[in-house]
Amino acid sequence: MSDNGHKTIEIPTTVTIRDLATMIDISPIDIIKQLMANGVMANINQQIDYDTAAIIIGEFGYEAKPSAPPESDLEKEAKELPRWRQLIADEDPEALVDRPPVVTVLGHVDHGKTTLLDAIRATNVAGGEAGGITQHISAYQVEHNGRKITFLDTPGHAAFTAMRARGAQGADIAVLVVAADDGVMPQTREAIAHIKAAQVPVLVAMNKMDRPSANPDKVKQELADAGLIPDEWEGDTMVVPVSAKEQEGLDDLLEAITLVADSTEIKANPKGRVLGTVIEGELDRSRGVVAALLVQNGTLELGDTLLVGTAHGNVRAMFDFQGNAVEEATPSMPVSVLGLSSVPRAGELFTVVESDREARDIAEERAEEAVSASRKPVAAQTLEQIFEAFQAGEVQELRLVVKADVQGSLEPITSSLEKLSAGEIKVNILHSGTGNISKDDVMLAAASGGIVIGFNVAAEQGAKMTADAEGVDIRVYDIIYRLTEDIEKALKGMLEPEIRKVSLGKASVRAVFRIPRVGNIAGCIVTEGELRRNADAQVIRDGEIIFEGPVASLKHEKEDVREIREGFECGIGLRGFDDFEEGDIIECFTEETVPVI
């Protein structure tokens with residue numbers, strides 16, 4: 001209640017008339033009438049600014065107060081990722097102690113990542129020789145000056161991002177491997193994009209310094225151009241020269257890691273709630289389900305009841321990364337455990353619960369929820385929805401992954417996009433590169449709440465499947481101004497509804513038949529999905545679409561049919577096209593309108 005007796009209502013910077021009416025509990029019609037009295041024509045879903053809203057509610061005996069500015073999307077993400085940090089937020093600060101840093105190593109495929117990891121492992125592994133069971137865990141610990149460091153030996157930045165997309169973030173520090181004789185390559189730039197999106201500290205291991213063609217200054221300049229300015233150039237990225245082959249500079253790299261760790265809050269409560277992340281899982285013929293786990297808080301012990309997604313079970317046996325049987329695992333320690341009911345996914349979080357019954361009940365509940373969720377269509381992160389989220393104060397930027405056919409196209413596109421903005425919403429290009437849209441591009445967008453934009457490129461099949469599963473919007477263009485125009489319209493909330501093709505099925509042309517007074521008919525076998533008579537079709541030859549138009553006729557064994565399913569033969573005629581050839585692919589599709597929300 002304010003001093004003058006008026007009720008005080010918190011109003012955001014913009015609000016719809018419908019929401020404003022709800023706030024002060026009156027009919028939206030009354031607000032529209034009051035706006036008209038003030039010379040403003042508006043409908044129920046229209047946005048009005050704070051000042052207008054304050055004047056209007058003043059007429060009804062209320063006083064406006066600005067609501068707290070919405071938390072930025074980056075601030076939210078920093079708090080939400082990784083989820084296990086949120087789960088230990090209730091731990092007593094006095095009980096938190098330093099734990100070993102967890103390091104992931106990323107880089108271009110030929111720059112020596114595996115050789116570097118093997119060299120570090122061979123010279124610094126904690127605890128001596130391997131134990132009784134020979135096995136491989138994608139993580140290990142080394143010692144440097146009496147301090148432990150955990151390395152995650154993951155397949156690359158795709159796995160790093162897949163974990164982050166599931167709410168986990170196993171790594172505290174990222175080491176980027178760059179070859180001194182090769183420099184920053186496209187895959188290096190991708191890795192940098194993933195590291196920046198994950199918001200983890202990064203240092204660079206400049207490998208292959210033993211080679212005569214090594215050019216450190218060139219590499220440092222390329223790193224600076226990619227946004228990683230070396231500390232000796234007054235930047236904040238440590239660049240450590242190493243030679244994995246000659247085992248030189250490894251101690252300097254480990255020292256650099258401990259320095260970065262000391263400047264970062266890397267703590268846990270060994271006596272607190274047991275939490276961690278799945279590194280990998282597999283089904284072993286002799287031992288059953290084997291899960292490699294990274295403990296991140298608490299102490300995991302033999303006999304504990306584990307809950308991992310929809311899997312559960314007691315820890316029957318536990319081994320360190322060398323295969324030695326252990327009875328407990330403390331924070332930042334990687335272990336493999338036996339006893340889970342099913343194979344968990346990499347990146348899933350695990351916890352310890354009180355009893356088998358509790359674990360089983362929660363796992364069954366999660367399994368039912370997963371089945372229900374699988375029946376619902378995935379809500380894609382479209383341009384329209386991003387603007388809607390901005391209007392609601394949920395996001396502050398539009399995050400894009402941009403791919404183009406050639407560098408000459410990419411540079412003007414990224415330059416144009418970076419100049420676009422609408423009020424407070426900005427464009428943030430997470431990654432840009434040349435070549436087709438890959439699964440990795442989609443995973444980066446998924447983990448960062450962004451969309452993928454392509455110019456004169458195609459999306460690989462794996463990318464399409466991942467986009468469908470993760471709910472990521474992929475938009476491909478062949479004219480630059482249409483691309484930038486779409487983004488600009490989206491930023492201003494004016495984007496037209498999108499017409500999207502939905503594939504129904506495909507057929508392969510096995511023979512071509514000439515029908516008098518009709519023309520050529522394609523004799524086909526349906527290879528996936530189904531063909532429909534009331535749909536449209538496109539003819540694909542050598543990977544290119546040569547015709548698109550409606551289906552004129554569809555027959556199965558001389559009978560007219562409405563649809564024909566996978567595995568069956570059919571004859572198909574297209575309106576306006578009869579130049580079929582054996583080997584052509586006919587894809588049947590419908591068009592759906594994705595409305596502006």
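Helices (H or I, at least four residues) and strands (E, at least two) are DSSP runs, numbered from the N terminus. The structure is a predicted model: local features need pLDDT of at least 70, side-chain atom pairs count only at pLDDT 80 or more, and totals for chains, interfaces and linings use all residues. Residues are numbered from 1 along each chain as its sequence is written, and side-chain values use heavy atoms, without hydrogens and water.

Helix α1 spans residues 17-24 and helix α2 residues 28-37. Their axes come within 8 Å and cross at roughly 115°. Axes here are lines fitted to C-alpha atoms, for helices over the stretch in contact, with angles from 0 to 180 degrees between N-to-C directions. The two helices are therefore roughly perpendicular (65 to 115 degrees). In α1, Ile17, Leu20, Ala21 and Ile24 meet Pro28, Ile31, Ile32 and Leu35 of α2 (heavy atoms within 4.5 Å). This contact has 8 nonpolar, no polar and no charged residues. Ala, Val, Leu, Ile, Met, Phe, Trp, Tyr, Cys and Pro count as nonpolar, Asp, Glu, Lys and Arg as charged, and the others, Gly among them, as polar.

Most residues other than glycine have a negative phi. Aspartate 25 has a positive phi, near 60°. Aspartate 25 lies in the loop between α1 and α2. It counts as exposed, because its relative accessibility is 70% (exposed is over 50% relative accessible area, buried under 20%, partly exposed in between; 1.4 Å probe, protein chains only). Glutamine 247 also has a positive phi, near 55°. Its loop runs between β11 (239-241) and α10 (250-262). At 43% relative accessibility, glutamine 247 counts as partly exposed.

Note on methods:
Angles under 35 degrees count as roughly parallel, over 145 as roughly antiparallel, 65 to 115 as roughly perpendicular and the rest as oblique.
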